[in-house]
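Dear colleague,

I am passing on a structure to you, together with some notes on a few of its residues. Please look through it alongside the comments that follow.

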Amino acid sequence: MAPTLYDKKPEPGDLIEIFRGNYQHWALYVGDGFVVHLAPPSEGPGTRANSMMSVLSDRAKVKKEEIWDVVGHDQWCVNNQLDEKYQVRPIHEILREAQAYVDQEMPYCVFRGNCEHFVTDLRYGKAESRQVRQAVETVGMTAMVGFGVLAVAGIAAAIFGGGSKKKNEEEEYK
């Protein structure tokens, strides 16, 4: 049985963020209980293990489906956080453009053209994926920390370990 209660009832044009474990899927609410979303072949409710296969997909289909069929049992919320950064396009334009994409197959790239890029482009006219940006920043920060640890280790070895080989050789000849 599909849930019927909302924490916050979505309005047409709202962005819906769906928490799928290691990533978030995004859809655009178009009214009457339906969403439009860009879905690679592996995307769907309860597909946590297969969802990582979307990285390998280069095509996806725009679907119009009931919100509960897309959400399944996953947590979700209305998330229009970019409203503070960008002007929202007129709702009738968002909905008309979203409907025009339904059933079309589109290029898909998890880094440059994913479901979040798709819905933010519809709502704001700007394709943006904060989860991709955050992932890149996290990977970059991890790499910087890793390089920093290696650099500190190298400097410490040069400072503290520099004379030990000579000292060991001198002790061998005694």
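Is Thr 120 buried or exposed? In this model, which is a predicted one, Thr 120 has a relative accessible area of 1%, and because buried means under 20% relative accessible area, Thr 120 counts as buried.

When residues up to four places away in sequence are left aside, Thr 120 touches Leu 15, Leu 82, Gly 125, Lys 126, Ala 127 and Glu 128.

Asp 32, which sits in the loop between strand S2 (24-31) and strand S3 (34-39), has a phi near 55°, a positive value in a residue other than glycine. Asp 32 has a relative accessibility of 78% and therefore counts as exposed, the cut-off being over 50%.

Asp 103, for its part, is found in the loop between helix H3 (91-101) and strand S6 (105-107), and its phi is near 75°, again a positive value in a residue other than glycine. With a relative accessibility of 56%, Asp 103 counts as exposed.

Methods: Residues numbered from 1 in each chain as written. Predicted model: local features only at pLDDT ≥ 70, side-chain atom pairs only at ≥ 80, totals over all residues. Heavy atoms only, no water. Buried < 20%, exposed > 50% of the residue type's maximum accessible area, 1.4 Å probe, protein only. Contact = heavy atoms within 4.5 Å. Helix = DSSP H or I, 4+ residues; strand = E, 2+ residues; numbered from the N terminus.
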